[in-house]
Amino acid sequence: MLACLLVLVVLALTMATACTSFLAVSTNRIIQEQSVDDDTERCAVDVRRGHLELFGCTVSSQSKTGACVHVREGANPRLVESSIVDGMNVGVRVCGNSAAEIICNTISGHASHGVEVYDGAYPHMRANTIKKNLGSGLHFRDWYVGCALAVDWLHHSSCYLLVFTAVWV
């Protein structure tokens, strides 16, 4: 109940504030989205046009169409030292000219991709562990997206890949 209330407060504040707004979610929170049986896209954390710092949290979603963390509409959040786990779709979706900082997280156990990037988004990813997702660890849907990676571990089954600093534009 508290987690649902926290998500509603985050949604209300990020949608209603200007780009200079800032909201911090303290450490050791568990944020879960419990979906109903319909096709409505639901996310545990939905960041639009604002700044959110998610630090030391565990985030999961049971929505088959939404992401655990959805960053869009030019938002610029920081996801730091969190676990984004066991989603029924994508772990972290970054789109709509957003520039998320995704640092020191574990992104694992999703029914689709660990991180999905499209529509002009430019996430900055550093020191993340991305593993055991049924889709790609990192999935780029557009040719023009950008992504800065610095020492991210991508695990898929028995295949391990260490990605050093790289930039795609």
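**Entry 1: a first pair.** I began at Val-59, which stands opposite Ile-84 in strand 8. I take strands as DSSP runs of E with at least two residues, and helices as H or I runs of at least four, numbered from the N terminus. This is a predicted model, so I noted the ground rules: local features need pLDDT of at least 70, side-chain atom pairs count only at pLDDT 80 or more, and totals for chains, interfaces and linings use all residues. Residues are numbered from 1 along each chain as its sequence is written, and side-chain values use heavy atoms, with hydrogens and water left out.

**Entry 2: around strand 5.** I looked up the neighbours of strand 5 next. Strand 5 runs parallel to strand 8 (residues 83–85), and 2 bridges join them. Strand 2 (residues 30–33) is also parallel to strand 5 (residues 58–61), with 4 bridges. Here Gln-32 has Ser-60 of strand 5 as its bridge partner. I call two strands paired if DSSP finds at least two bridges between them.

Entry 3: Which strands form the open sheet, and in what order? I found 5 strands in the order 3-6-9-12-15, with parallel pairing. Strand 3 and strand 15 (138–140) are the edges; each has a single partner strand, so one side of each lacks a neighbour in the sheet. The twist averages 10° from one strand to the next, with axes fitted to C-alpha atoms and angles running from 0 to 180 degrees between N-to-C directions. Strands 9 and 12 share 3 bridges in the parallel sense, and Val-94 sits opposite Val-117 of strand 12.

**Entry 4: the core.** I then turned to the largest nonpolar core, which holds 25 residues. Such a core is a set of buried Ala, Val, Leu, Ile, Met, Phe, Trp, Tyr and Cys residues joined through side-chain atoms within 4.5 Å; buried means under 20% relative accessible area with a 1.4 Å probe, protein chains only. Val-45, Val-59, Val-69, Val-92, Ile-102 and Val-115 touch the most other members. Among the elements giving two or more residues to this core are strand 3 (45–48), strand 6 (69–72) and strand 12 (115–117).

**Entry 5: the whole chain.** I counted 1 helix and 19 strands in the protein. Of its 169 residues, 47% are buried. The average pLDDT, the predictor's confidence in each residue from 0 to 100, is 76, and 66% of the residues score at least 70. Over residues 156–169 the pLDDT is below 50.

Note on methods:
Buried < 20%, exposed > 50% of the residue type's maximum accessible area, 1.4 Å probe, protein only. Contact = heavy atoms within 4.5 Å.
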